[in-house]
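Please open the model in the viewer before continuing.

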Amino acid sequence: MTVGTAVNKKTYNVAVVGATGAVGLEMVRMLENRKFPIKSLRLFASEKSAGRKIKFNKKQVCVEILDSELLSGLDVAIFSAGATVSKEFAPIFAEKGIFVIDNSSAWRMDPEIPLVVPEVNPHALAREKKIIANPNCSTIQMVVALKPIHDAVKIKTIRVATYQAVSGAGAKGIHELENQSKAWASGKKIPPSAKFPHQIGFNLIPQIDVFTDNGYTKEEMKMVNETRKIMESPEMEISATCVRVPVFRSHSEAVWIETENPISPQQARMLLSKAPGVVLQDEPEKSLYPMPLAAQDQQITYVGRIRQDLISPNGLSLWVVSDNLLKGAALNAVEIAELLVNQGIL
């Protein structure tokens, strides 16, 4: 079951900022794939990408250099160009009345900025809130899976360990795993890491982003703080360990929850089988459970391995997998744009 596409017949002038990056390209593809009602599409990137052409709806769209003087007529802009660009340009777009859906970390924890996952908190959108934050990839898929359970029995505690694909580090992360794998397969010396702190090929790295003073990484604290904001549960207890794994695409998560009221695995399966954006894959006797390879290029979040926790009587364990470039980034951003249309805000 997925979130619906835009339903009205009005068309919009749309921009993608950071259009040539791994996520930016997926944003363009999702706008086309989901038939977002576009009147015109403009693509912006850095100077080194200016003039590059990207195919959209059987036409070639030329990439432009981002310039605040060239924004007239736009209705909505989807950003995936990093926090520095977003901090500089998102307010300029917003001042011109353009809705900005930003995929960076720049605005996520600003109390005045909605942080939105359409299946979880669509009510956070408002006409006067021109800047909208797209959450972190690992946060998105987890809250999509946990929201139906939280609504039913209130989740008090979340513990999560993530297994995050190299595409979460962008094109450079993908190329690094490719190069190291090719070197190993050909019997050559594996090249040193440039993107990650250690070799990622045939290895696991228990560090994503830099460490903070409390010993947790920024990625781990994003999951803590963003989940509380999206779920509107500031008191929720959350702890995360985020690990980079030698998988090209799709993040996986082992999630342990403790709820205020008891819930059985079967009750959780029933809730999740009806949940928007979720596909239940939970037949372990048939070796059917979510896996990153199967989730690649799919516009949904898979949940399985649902079982009673062996420690807490009100605890459940789950396994959650989703394509980090789609639901974890590009798809969620486009779904936010669709919500703006369907709620009559745009």
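Begin by selecting Glu26, which counts as buried at 9% relative accessibility; buried means under 20% relative accessible area, exposed over 50% and partly exposed in between, with a 1.4 Å probe and protein chains only. The model is predicted, so local features need pLDDT of at least 70 and side-chain atom pairs count only at pLDDT 80 or more, whereas totals for chains, interfaces and linings use all residues. Residues are numbered from 1 along each chain as its sequence is written, and side-chain values use heavy atoms, with hydrogens and water left out.

**Second stop: Arg249**

Next, select Arg249, in the loop between strand S9 (237–244) and strand S10 (251–259). Helices (H or I, at least four residues) and strands (E, at least two) are DSSP runs, numbered from the N terminus. Arg249 is also buried, with a relative accessible area of 15%.

The side chains of Arg249 and Glu26 meet in a salt bridge, 3.0 Å from N to O. This pair links distant parts of the chain, for Glu26 belongs to helix H1 (residues 22–33) and is 223 residues apart from Arg249. A salt bridge is a side-chain nitrogen of Lys or Arg within 4 Å of a carboxyl oxygen of Asp or Glu.

Which residues are linked with Arg249 in a network of salt bridges? Select Glu26, Arg29, Asp297 and Asp323 to display them. Asp297 is 48 residues from Arg249 in sequence, and their C-alpha atoms are 8.6 Å apart in space.

Move to helix H3 (residues 137–153), where Asp151 and Lys147 lie 4 residues apart, about one turn of the helix. They form a salt bridge, with the closest N and O atoms 3.0 Å apart. Asp151 counts as exposed at 54% relative accessibility, while Lys147 is buried at 18%.

Finally, select Lys222 and Glu219, whose side chains meet in a salt bridge of 4.0 Å, N to O. Because they are 3 residues apart in helix H5 (residues 218–230), about one helical turn separates them. Glu219 is buried, with a relative accessible area of 5%.
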